[in-house]
Amino acid sequence: MRNLVFILFITFSFSSYSQKDNRKEDSIAIKKFYNASLLEGKSYTWLDYLSNQIGPRLSGSLNAQKAVEWTEQELKDVGLDKVWLQSVMVPKWTRGVTEFAYIETDPGQTTNVPICALGGSVPTPIGGVKAEIVEVKGLEDLRKLGTDKIEGKIVFFNRPMQADLINTFEAYGGCVDQRYSGAAEAAKFGAVGVIVRSMNLRLDDFPHTGTMSYGNLTDLEKIPAAAISTNGAELLHSMLALNPKIKFLLNMNCRSWKDVESFNVIGEITGSEFPNEYMIVGGHLDSWDLGDGSHDDGAGVVQSMEVLRLFKETGYKPKRSIRVVLFMNEENGLRGGKKYAAVAKNKGENHVFALESDAGGFTPRGFSFDCNNENFDQIKSWKPLFEPYLIHYFAKGGSGADIGPLKKDGIVLAGLRPDSQRYFDYHHAKNDTFDAINKRELELGAATMTSLVYLFDKYGVK
């Protein structure tokens, strides 16, 4: 009995000391990542070039191709073991000349309002479309009104993001259906066009674009769809309350083209012990065309590139193969994410972990995870390692759109969660530009991502 007690005591003591040693070792490694990112990081310099020298990167555009070529070369310069391009066919849509709209209270009496075409919209007839307005709060209101009250009119979807929700992505999710499906549903009742309140929590003059779908409508049934700025929406709502017979003119000449070839950009550090276990970190290289896509998702692109560079810079040699994947076409098709997952499946590649950054370059707060309980218990045990950096949020939830197609039993999917309060001020709008990026916040996010990848590489998945 005494021998058994002694053995248990020694075992417990060894385990306790081992955990303490690991915790100290991990703290030192993580500190190195933060120091390297904050003192000699490249994420901010990279984003400066991507945003200001290349600019907006809509799928299928010349700038998107420039971004592919530039990031490929930068990853080669980092000294990764492999860098390659993965071909993917993507949709091509162009905005054309700047859109124009006004509210007409009487013939000749008009007030201009800021609008932008939604991604994938058809154009208006030459000279635009002008009609009376019917205001609704969502798709259900639309269906209640029916054809008698909608036919021949422009539908104005005016449901704002819910301001009392602290998680702004939840607020976004609560009203984005009117942007995505509004035109398809309104056309069924004879509407001639759609105006959607921008997905934005503040009042400003920036209309916010975004993808939309016509569902199964034929080309002849499709109607033009645009976003109106939040200030414009407030004005239109007030004017409709005073005079329900006012008219709205909408003029756009956007166009859809045949699919074109583009690429995912992939770089890899081959694992030293388990080279056939793959861990990926990524963001999407494409952006909308109004701003330069610095927050959505230039920040995620350069942070993901920085993860592998920080490993090289600090001398950390991963056990597992770590890939950075810069996905193409997240904004209006998710073709890049789907292609990467399909190729990985066809090759029989064993992906065990994936981390995505696609929530802006703001101060990192933590991560959300799509994983089983055993893995989440391990993740929670790492929380004290992040607390010195004020990273406190570790929760189950979504991960990211581009890594979603990789989902399978046993894989851990994670999403970086920065502070989201200002994200939708810039999301899909003209003001999503490099000057909206804070250097330190961006660098903190890169170091935070690197630290999580390091821990999963060291301890593996359960």
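This section describes the sheets, helices, cores and local backbone features of a predicted model. Residues are numbered from 1 along each chain as its sequence is written, and side-chain values use heavy atoms, with hydrogens and water left out.

Helices (H or I, at least four residues) and strands (E, at least two) are DSSP runs numbered from the N terminus. Two strands are taken as paired if DSSP finds at least two bridges between them. Arg197 stands opposite Ile228 of β8.

The 12 residues of α6 reach 16 Å from the first C-alpha to the last, close to the 16 Å expected at 1.5 Å a residue, where the expected span is 1.5 Å times one less than the number of residues. Buried residues are those under 20% relative accessible area, exposed residues those over 50%, and partly exposed residues those in between (1.4 Å probe, protein chains only). The buried residues of α6 are Gln178, Arg179, Gly182, Ala183, Ala184, Glu185, Ala186 and Ala187. They pack against α4, β6, α5 (168-173), β7 and β8. Just after α6, Gly190 takes a positive phi of about 90°.

A further open sheet is formed by 8 strands in the order β1-β10-β12-β11-β13-β16-β14-β15, again with mixed pairing. Its edge strands, β1 (82-94) and β15 (393-396), each pair on one side only. The twist from one strand to the next averages 20°. Strands β14 (residues 364-370) and β16 (residues 412-418) run antiparallel and are joined by 6 bridges; Phe367 has Leu416 in β16 as its bridge partner. Helix α10 (residues 373-381) packs on this sheet, touching β14, β15 and β16, and its direction makes about 175° with that of β15. Helix α8 (residues 294-314) lies across β10 (255-269), β11 (274-284), β12 (320-327) and β16, running at about 145° to β11.

A nonpolar core is a set of buried Ala, Val, Leu, Ile, Met, Phe, Trp, Tyr and Cys residues joined through side-chain atoms within 4.5 Å. The largest such core has 63 residues, and Phe353, Phe369, Phe386 and Leu452 have the most contacts inside it. Helix α13 (residues 439-459) supplies the largest share of this core, 9 residues. Leaving out residues up to four places away in sequence, Phe386 touches Tyr34, Phe367, Ile391, Phe394, Thr448, Ser451, Leu452 and Leu455. Another core, of 35 residues, lies apart from the largest one and includes Cys116, Val122, Met212 and Ala436.

Several individual residues were also examined. Asp425, in helix α12 (residues 423-426), is buried, with a relative accessible area of 11%. Neighbours within four places in sequence aside, Asp425 is in contact with Asn200, Arg202, Asp204, His208 and Asn431. A cis peptide bond, with omega about 0°, joins Asp296 and Asp297; Asp297 is found in helix α8. Asn329, in the loop between β12 and α9 (335-347), has a positive phi near 80° although it is a residue other than glycine. Asn329 is buried, with a relative accessible area of 0%. Leu390, also not a glycine, has a positive phi of about 65° and lies in the loop between α11 (383-386) and β15. Leu390 is exposed, with a relative accessible area of 56%.

Terms used
This is a predicted model: local features need pLDDT of at least 70, side-chain atom pairs count only at pLDDT 80 or more; totals for chains, interfaces and linings use all residues. Contact means heavy atoms within 4.5 Å. Axes are lines fitted to C-alpha atoms, for helices over the stretch in contact, and angles run from 0 to 180 degrees between N-to-C directions.
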